[in-house]
Amino acid sequence: MAETFRVLLSDTLAPQGLEVLKRYPQIQFDIKTGLKPAELAEIIGPYHALLIRSSTKVTREVVERAASLKVIGRAGVGIDNVDLEPTTRRGIVVMNSPTGNSVTTGEHAISMMMALARHIPAANASVKAGKWERSKFTGAEICNKTLGVVGLGNIGRIVSERALGLKMKVIGYDPIITAEAAARIGVELVSLDSLIERSDFITVHTPLTDDTRGIVGAAAFAKMKKGVRIINCARGGIVDEAALADAIKSGKVAGAALDVFVEEPPPADHPLLKLDAVIATPHLGAATDEAQVQVAIDIAQQVADFLIEGTIRNAVNIQALSPKEMEILGPHLRLAEKLGRLAAQSISESPIEIILDFGGEATNVKHDSVTNAALMGLMSGFLDEALNVVNAPMLARERGIRVSERRTREASDYVNTLKLTIRTASGAHEFMGAVLGHGVLRITGIDGYRVEAIPEGYFLVLHNRDVPGVVGAVGTILGQAGINIGGLELGRDRVGGTALSVFEVDEAVPPAVLDKLKTHPAITAASLLKL
Ligand code: NAD
Ligand code: MLT
């Protein structure tokens, strides 16, 4: 008898998605919406697949009780309602539907910008209240105004294209797109500071990550033009809500259009909801019939294909390789991804080109997948999009990043080596690693400095002058902060020259401790990396 699969739909999906599931006799599905995590944890045990939108919270507690779960399908883009760490550890594939609602969400952002510029919601309410207040609602023209787009992914690009059609000047910031790729869609790529300073309207289209949380905050508002207008149809928290309320009250910001909030629904006494200059919608970015049908069909088909054929599409946490391939390639893929992640956290400019050099026995492995794993590591800090070895090259290409591979003849102490070189507008950075016996990985070099570090956990990386006392001073400062050092690697160009020190630390070093380290006269840079 054919295997049967139980699928739980814990959020409301368009009926067209259910029709897809009904085509497969092996699939039985239940619809149980509005569950709190504890209630979901209670019933998740027998299900092989979970289909969600944004309301279901897949917490660690849920994952721990999901004994049969193979796949989570998210009808939509953001997977911030899924705790990916335990899910990935359990080998559960998490898939999203990355493009089905992009146009709809882009159109919502444009609508919000227009509504904000012309006070449509308040004017509508006023007319319906029997008033005719024409001068009260004088607005702003958007033609020839500068729109700053933070995040030029699927939605940011759609918004840019529409805004250009409305004759706006569009400038954009995204750390993993090149100026050439941005220019191809008519967008001038600028630094975040320049975008903040030059824009009349600012719209954010990034995922919510540690880097983007509060990216539009008090410091940014201070640099903005007076009268700027802010649009957030991405995720609550990318624009700092308290700082936005202050900036509106001070008159710096003329208005804000918000589709998303840190807490949804926002509490009734939320300070932003009390301000006339704020217009708001209840997370409606993706709420059109067309988008809901499309994401429901996409995700239902992806989940069915995975359950029945094992095909992985748009997975955000697992690569599309068979177990046999993984056995041979696994360590090299893991090393390449770690080098990519190391690079992403170490460079501050957009990559223009990446080169992967394969040394020793590494020359015999499947180059494409390893290079793509490096690309995945490099870009995964920036994208919500499902990244895997299949689509990473396409996404890099879209962003104008050139990719190449070489066999290296450089002599090395290691049998299998990988060197990832990232070229940016101002220079090149190198990250080297090796696969030792039994798949053990090492980082063996950073920007020409030799190190030998296990690529797991937190690293404090210091650039310093090679003078006595640095290690002791760092040990004291970390000790005072209660941070334990698990290992230490020192590399230097020559005695008394410049050095790179890599401290393996047991926990994250807080920003205040990093700042304190930077005050040491011999330390020129200090950063915390997590691998
Ligand atoms: P995407 O992955 O295609 O693009 C995100 C872009 O953000 C990438 O190009 C990435 O490089 C960029 N980025 C990452 N970190 C950045 C940083 N620090 N500064 C500047 N740019 C940065 O995603 P998308 O499909 O365009 O979606 C964007 C966001 O919109 C997602 O967070 C998603 O959850 C949200 N969204 C909201 C709704 C809604 O209903 N309001 C609907 C769909 C998507
Ligand atoms: C998304 O990330 O796709 C959106 O937040 C839309 C949604 O799920 O409602």
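Let me start with N101, which lies in the loop between β5 (93-96) and α5 (102-117), where helices (H or I, at least four residues) and strands (E, at least two) are DSSP runs numbered from the N terminus. Before I go on, this is a predicted model, in which local features need pLDDT of at least 70 and side-chain atom pairs count only at pLDDT 80 or more, while totals for chains, interfaces and linings use all residues. Residues are numbered from 1 along each chain as its sequence is written, chains are lettered from A and ligands numbered from 1 in the order in which they are written, and side-chain values use heavy atoms, with hydrogens and water left out.

N101 is buried, at a relative accessible area of 6%; buried here means under 20%, exposed over 50%, and partly exposed in between, with a 1.4 Å probe and protein chains only. Leaving aside residues up to four places away in sequence, N101 touches G76, V77, A286, A291 and V295, a contact being heavy atoms within 4.5 Å.

Oxygen atoms of ligand 2 lie 2.7 Å from a backbone N or O atom of G78, 2.9 Å from a polar side-chain atom of N101, and 2.7 Å from an N or O atom in the side chain of H283. Of the 270 Å² of accessible area that ligand 2 has on its own, the protein covers 92%, by the Shrake-Rupley method with a 1.4 Å probe.

Turning to the sheet, seven strands form an open sheet in the order β8-β7-β6-β9-β10-β11-β12, with parallel pairing; two strands pair if DSSP finds at least two bridges between them. β8 (188-189) and β12 stand at the edges with a single partner strand each, so one side of each has no neighbour in the sheet. Within this sheet, β6 (residues 146-150) and β7 (residues 169-173) run parallel and are joined by five bridges, and V150 has Y173 as its bridge partner in β7.

Finally, helix α11 (residues 241-249) has as its buried residues E241, A243, L244, A245, A247 and I248, and these pack against α10 (218-223), β10 (228-232), β11 (253-258) and β12 (278-280). After α11 comes G251, whose phi is positive, near 90°.

How values were computed. A polar contact is a pair of N or O atoms within 3.5 Å; within protein, one must be able to donate a hydrogen and the other to accept it, and residues adjacent in sequence count only if both atoms are side-chain atoms.
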